Amino acid sequence: MSVLKNGEEIEKLRQSNLLVSKTLAELAKHIEEGVTTLKLDRIAEEYIRDHGADPGFKGYDGFPATLCTSLNSEVVHGIPSEKALRNGDILSIDCGVILNGYYGDTAFTFPVGEINGKARELLRITYECLMRGISNAVEGNRLGDISYAVQSHAEKSGFSVVRELVGHGLGKKLHEAPEVPNFGKRGSGIKLKSGLVICIEPMINMGKRNIYQKADGWTIRTRDGEPSAHYELAIVVQKEKPDILSTFEYIEQELKTKNKELPWQNNQP
Ligand code: MG
Ligand code: MG
């Protein structure tokens with residue numbers, strides 16, 4: 001049973017998710033060739049603690065770090081390491097915080113330096129899948145409408161959807177009901193009601209959808225070794241359009257000051 005949030009809870013969740021959004025923007029300043037994901041993890045943890053919050057993932061089910069850093073063919077749950085980023089990599093960073101008892105949870109796939117055209121396309125389509133999912137998160141729709149919007153856009157574009165990992169409700173717990181799959185049928189699943197807070201988080205593969213877990217017990221990787229992308233925002237279902245609690249705006253501003261264009265920003269006809 002999914003619990004609807006009242007106005008006070010939603011404002012707390014907004015603060016938590018804004019802090020994650022700003023943490024990711026802080027990381028955007030540092031993401032470039034030669035930087036290690038362990039360094040990014042330290043920056044994130046310090047930033048989160050400096051803002052009066054705790055990392056949401058560190059210690060969660062025993063996860064060892066503040067960030068999940070998943071590189072290229074890694075889908076999600078990658079562990080920060082001493083391995084340096086290289087030009088042409090794509091780096092998915094998933095970050096969570098707990099602030100005033102409520103979780104924030106947001107993810108973004110960053111290009112490192114210049115990435116190739118196919119990778120740009122993967123990032124653009126995954127971002128668009130998220131936005132199409134979000135636009136379906138309105139009262140009266142069903143959960144499957146979100147799932148269908150994500151899946152149909154990914155597959156129409158020649159990419160595939162990871163099925164074993166899903167979005168989720170968000171609140172005092174990191175993973176609350178309902179599960180929000182990135183695949184499904186229109187008109188199926190629970191009816192969406194105002195006040196439902198969910199994370200929508202498409203994980204889209206360039207190749208086949210199959211994945212496996214690495215021997216580290218955490219990292220999920222594509223079976224075929226092809227790249228994967230992941231974007232996530234927390235939203236509140238409302239009547240007309242969803243209220244988006246986290247934002248990529250700060251990341252986009254940061255990348256703009258570095259003269260870096262994101263794949264969905266230069267796509268005007
Ligand atoms: Mg996440
Ligand atoms: Mg999540």
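**Metal site, cysteines and a helix**

Analyst: Aspartate 94 and glutamate 232 are both buried. Keep in mind that this is a predicted model.

User: What coordinates the magnesium ion (ligand 1)?
Analyst: The donors are Asp94 (OD), Asp94 (OD), Asp105 (OD) and Glu232 (OE), at 2.0 to 2.4 Å. Their residues follow the spacing D-x10-D-x126-E in sequence.

User: Where do aspartate 94 and glutamate 232 lie?
Analyst: Aspartate 94 is in strand E4 (residues 90-99), and glutamate 232 is in the loop between strand E13 (228-230) and strand E14 (233-236), so the pair ties together parts 138 residues apart in sequence.

User: And how far apart are ligand 1 and ligand 2?
Analyst: The two magnesium ions are 3.1 Å apart. Aspartate 105 coordinates both.

User: Switching topic. How many disulfides?
Analyst: Zero, across the whole structure.

User: Last one, helix H3. What caps its N-terminal end?
Analyst: Asparagine 116 does. A side-chain oxygen of asparagine 116 sits 3.2 Å from the backbone nitrogen of lysine 118.

User: Which H3 residues are buried?
Analyst: Among them are Ala119, Leu122, Leu123, Tyr127, Cys129 and Ile134.

User: What span should H3 have?
Analyst: Its 19 residues (117-135) should span 27 Å at 1.5 Å a residue. The end C-alpha atoms are 27 Å apart, which agrees.

Definitions and conventions: Residues numbered from 1 in each chain as written. Chains lettered and ligands numbered in written order. Predicted model: local features only at pLDDT ≥ 70, side-chain atom pairs only at ≥ 80, totals over all residues. Heavy atoms only, no water. Helix = DSSP H or I, 4+ residues; strand = E, 2+ residues; numbered from the N terminus. Expected span 1.5 Å × (residues − 1). Buried < 20%, exposed > 50% of the residue type's maximum accessible area, 1.4 Å probe, protein only. Polar contact = N/O pair within 3.5 Å; in protein donor to acceptor, adjacent residues only side chain to side chain. Disulfide = S-S within 2.5 Å. Donors = N, O, S within 2.8 Å, 3.2 Å for Na, K, Ca; no water.
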